[in-house]
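Please read the following points with the model open beside you. They go from the chain as a whole to single residues.

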Amino acid sequence: MAIVRKVSVLLLAVFLMPVTPIAAAGQKVVLMECAAAGEKQNYDCVVELSDKESGAAVLHAEFRVRAEMPSMAGAHRAEPVVVQEYGQGRYGFRIALKKYGEWAITLDFSKPERDRVVKNMMFGEDHVSLLARHAQGRKHKKHSIAVMVHDAYVRATPPGQRNAAAYFVLRNNAKSDVRLVSVKSDVAEVAEPHSHVMDEGMMKMRRVEYIDIPAEGETVLQPGGLHIMLMGLVKQLQPGEYVSLEFQFDNGQKQTMRVPVKMIVGMSMTSGHDKKKHKHKHQHQQD
Ligand SMILES: [Cu+2]
């Protein structure tokens, strides 16, 4: 009997401990919503982070995302994805799953503190739902992120090169067209949208004022086509590094994301009709 009493006193002591006002590990509310997007079994997910105590948005969080099917541990795994920050505590990523069904989405936080959050969700052809045990809690605000940026990368540069190019896919989930009006980067003096045009049998780059993304559609920036030219690089860009890109859209949406630097081998601006011009490859390597 004495032992039982001791235990309950101890439990009471635990309950009476004051709650730390400063966010300690795990002291945040993580809301996640996903919706089918683009190709089959691809999903756009938005994560909203707020402080459990104050309700304030958690900014500049960093986390990795991976997905597994709990029913087939190890057998079905999704590739890790790049997370982008949209501001106001919102983050987004696109994840490619291999099958419909229940997936456990794991968010491994390194900032603001080390923490792991797992959400079990049911991914179907046209709907995604949180599984019952996770579904309670605060009511979701409908997220208003119109444009999501996917598969972004920046081309690695050799020493001394002053220019590089960034490529990505812009997905517009809104019912009206959206325009990308400006881009900024921490590694370049200027970042401007470019396109490629044929001029007297030569592929040439042209600056464009903006890039349109059609309502509920996608615009792809890729070698040989639209790209973001990064000019006046402040350093050499090496594979494995990340650069920061800030996007401004004409609907007021502004977002920053960390984009990996990749070595692009043998993929110059060649596009279909340009195949005969292999000898020009080196001149055009920057984009
Ligand atoms: Cu260019």
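1. Two residues are in contact if their C-beta atoms, placed from the backbone, lie within 7 Å. Among the contacts in the protein chain with a separation of 6 or more, 64% are accounted for by residues 24 or more positions apart. The secondary structure comes to two helices and 19 strands, where helices (H or I, at least four residues) and strands (E, at least two) are DSSP runs, numbered from the N terminus.

2. This is a predicted model, in which local features need pLDDT of at least 70 and side-chain atom pairs count only at pLDDT 80 or more, while totals for chains, interfaces and linings use all residues. Residues are numbered from 1 along each chain as its sequence is written.

3. Confidence deserves attention before any detail. The pLDDT, which is the predictor's confidence in each residue, from 0 to 100, has a mean of 78 over the protein chain, and 76% of the residues reach 70 or more. Confidence is highest in strand β17 (residues 227–233), at a mean of 96, and lowest in helix α2 (residues 132–135), at 42. Over residues 132–143 the pLDDT stays under 50, and the model has nine contacts beyond four places in sequence for them. The pLDDT is also below 50 over residues 267–287, a stretch with 27 contacts in the model beyond near neighbours in sequence. Where pLDDT is low, the predicted coordinates should not be read in detail.

4. Of the 287 residues of the protein chain, 26% count as buried; a residue is buried if 20 or more other C-beta atoms lie within 10 Å of its own, exposed if 12 or fewer, and partly exposed in between, with C-beta atoms placed from the backbone. A nonpolar core is a set of buried Ala, Val, Leu, Ile, Met, Phe, Trp, Tyr and Cys residues joined through C-beta atoms within 7 Å. The largest such core has 54 residues, of which C45, V47, A152, V154, A166 and L230 touch the most other members. Strand β11 (residues 163–172) gives the most to this core, with six residues. Because domain 1 (23–135) and domain 2 (147–274) both give residues to the core, it lies between them; the domain bounds come from an automatic or database domain assignment.

5. Strand β18 pairs with strand β12 (residues 178–185) in the antiparallel sense over five bridges, and V183 stands opposite F247. Seven bridges join β18 to strand β19 (residues 254–262), again running antiparallel, and there M257 is the bridge partner of L245.

6. Strands β1 (residues 28–36) and β2 (residues 42–51) pair in the antiparallel sense over nine bridges, with D44 in β2 as the bridge partner of A35. In the loop between these strands, Q41 has a positive phi near 65 degrees although it is a residue other than glycine, and Q41 is partly exposed, with 15 other C-beta atoms within 10 Å.

7. Most residues other than glycine have a negative phi, and most peptide bonds are trans. The peptide bond from K111 to P112 is cis, with omega near 0 degrees, and P112 is found in the loop between β7 (101–111) and β8 (115–123).

Notes: Two strands pair if DSSP finds at least two bridges between them.
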